[in-house]
Amino acid sequence: MHIRGDHAELLVGGRLDVRTAADARTVLHGAVDDGAGDLVLDLSELDSWDATGLGVIMGAHRRAGRCGRRLVLRGVPAQMQRLLVATRLHRILAIEGGIGVESLPRV
């Protein structure tokens with residue numbers, strides 16, 4: 001997993017899973033705490049995530065809200081969009097451009 005960027009926009013790539021969650025959480029919390037306004041997470045280079053990785057994203061979302069910020073997801077891969085829809089988290093998280101639920105393949 002790699003995360004590049006600053007307190008306003010981060011590019012997340014690789015795998016966001018149980019092995020990388022602690023490092024990702026540290027970086028995301030630091031970015032939330034050190035900035036102002038929206039924090040954009042560009043997930044276009046993210047290969048996969050598991051429940052722990054999703055928990056890290058949700059934790060950053062909650063922390064951002066407590067700091068008066070908004071976490072915005074950008075470039076969410078289709079596989080992860082389906083997971084967000086299945087868990088109904090697409091209704092809670094801010095997703096740039098939204099998710100075209102009707103265009104996602106049914107599973």
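The model is predicted.

Helix α3 spans residues 78–86. Its buried residues are M80, Q81 and L84. They lie on the same side of α3, because they cover an arc of only 105 degrees around the axis.

The face turned away from that buried side carries Q79 and A86. Both of these residues are exposed. Just after α3 comes R88, which takes a positive phi of about 65 degrees.

## How α1 and α2 are arranged

Helix α2 also meets α1, which covers residues 21–34. The two helices pack at an angle of about 15 degrees. Their axes are 10 Å apart. Angles under 35 degrees count as roughly parallel, and α1 and α2 are therefore roughly parallel to each other. The crossing of α1 past α2 is right-handed.

## The contact between α1 and α2

Which residues of α1 meet α2? They are A21, A24, R25, L28, H29, V32 and D33. On the α2 side, the partners are T52, V56, G59, A60, R63 and A64. By class, this contact has seven nonpolar, three polar and three charged residues.

## Where α2 stands

Note on methods:
Residues are numbered from 1 along each chain as its sequence is written. This is a predicted model: local features need pLDDT of at least 70, side-chain atom pairs count only at pLDDT 80 or more; totals for chains, interfaces and linings use all residues. Side-chain values use heavy atoms; hydrogens and water are left out. Buried means under 20% relative accessible area, exposed over 50%, partly exposed in between (1.4 Å probe, protein chains only). Helices (H or I, at least four residues) and strands (E, at least two) are DSSP runs, numbered from the N terminus. The arc is that of the directions from the helix axis to the C-beta atoms. Axes are lines fitted to C-alpha atoms, for helices over the stretch in contact, and angles run from 0 to 180 degrees between N-to-C directions. Angles under 35 degrees count as roughly parallel, over 145 as roughly antiparallel, 65 to 115 as roughly perpendicular and the rest as oblique. A crossing is left-handed if the near helix is turned anticlockwise from the far one by less than a right angle, and right-handed if clockwise. Contact means heavy atoms within 4.5 Å. Ala, Val, Leu, Ile, Met, Phe, Trp, Tyr, Cys and Pro count as nonpolar, Asp, Glu, Lys and Arg as charged, and the others, Gly among them, as polar.
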